[in-house]
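Here is a short walk through one model. Keep the sequence and the structure side by side as you read.

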Amino acid sequence: MGMFFVGLAVIGVTWGCILILFPKPIARFARKVQGEFWGGQFTPELTRFVGCGFVLGGVIAAATLVAEFLRR
């Protein structure tokens, strides 16, 4: 279970940081892939917001892992 939380934390924080640091290219790619109507929904602000969610999820997974180690 510990390796699962480590993987989840690393992937969540890494992907979240990429979304936060590079929102414009990702939003532009979403517009190309999804078309003009649906792709227009993916703004850089929304991309940053989703990135914050991934970072928060990674931090929660890391905190859960630390709490599990402290409980032993």
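Helices are DSSP runs of H or I with at least four residues, numbered from the N terminus. The expected span of a helix is 1.5 Å times one less than its number of residues. This is a predicted model, in which local features need pLDDT of at least 70, side-chain atom pairs count only at pLDDT 80 or more, and totals for chains, interfaces and linings use all residues. Residues are numbered from 1 along each chain as its sequence is written, and side-chain values use heavy atoms, without hydrogens and water.

Start with α1, residues 2–21. Its 20 residues reach 28 Å from first C-alpha to last, close to the expected 28 Å. Buried here means under 20% relative accessible area, exposed over 50%, partly exposed in between (1.4 Å probe, protein chains only). G2, F5, A9, G12, G16 and L19 are the buried residues of α1. They fall within an arc of 135° seen down the axis, so they line one face of the helix. The arc is taken from the directions from the helix axis to the C-beta atoms. On the face turned away from that buried side sit the exposed residues M3, I11 and L21.

Now turn to α3 (44–71). T47 is found in this helix. Is T47 buried or exposed? T47 is buried, at 6% relative accessible area. Leaving out residues up to four places away in sequence, T47 touches L19, P23, I26 and A27; contact means heavy atoms within 4.5 Å.

The loop between α2 (23–39) and α3 holds F42. F42 is partly exposed, with a relative accessible area of 35%.

Methods:
Helix = DSSP H or I, 4+ residues; strand = E, 2+ residues; numbered from the N terminus.
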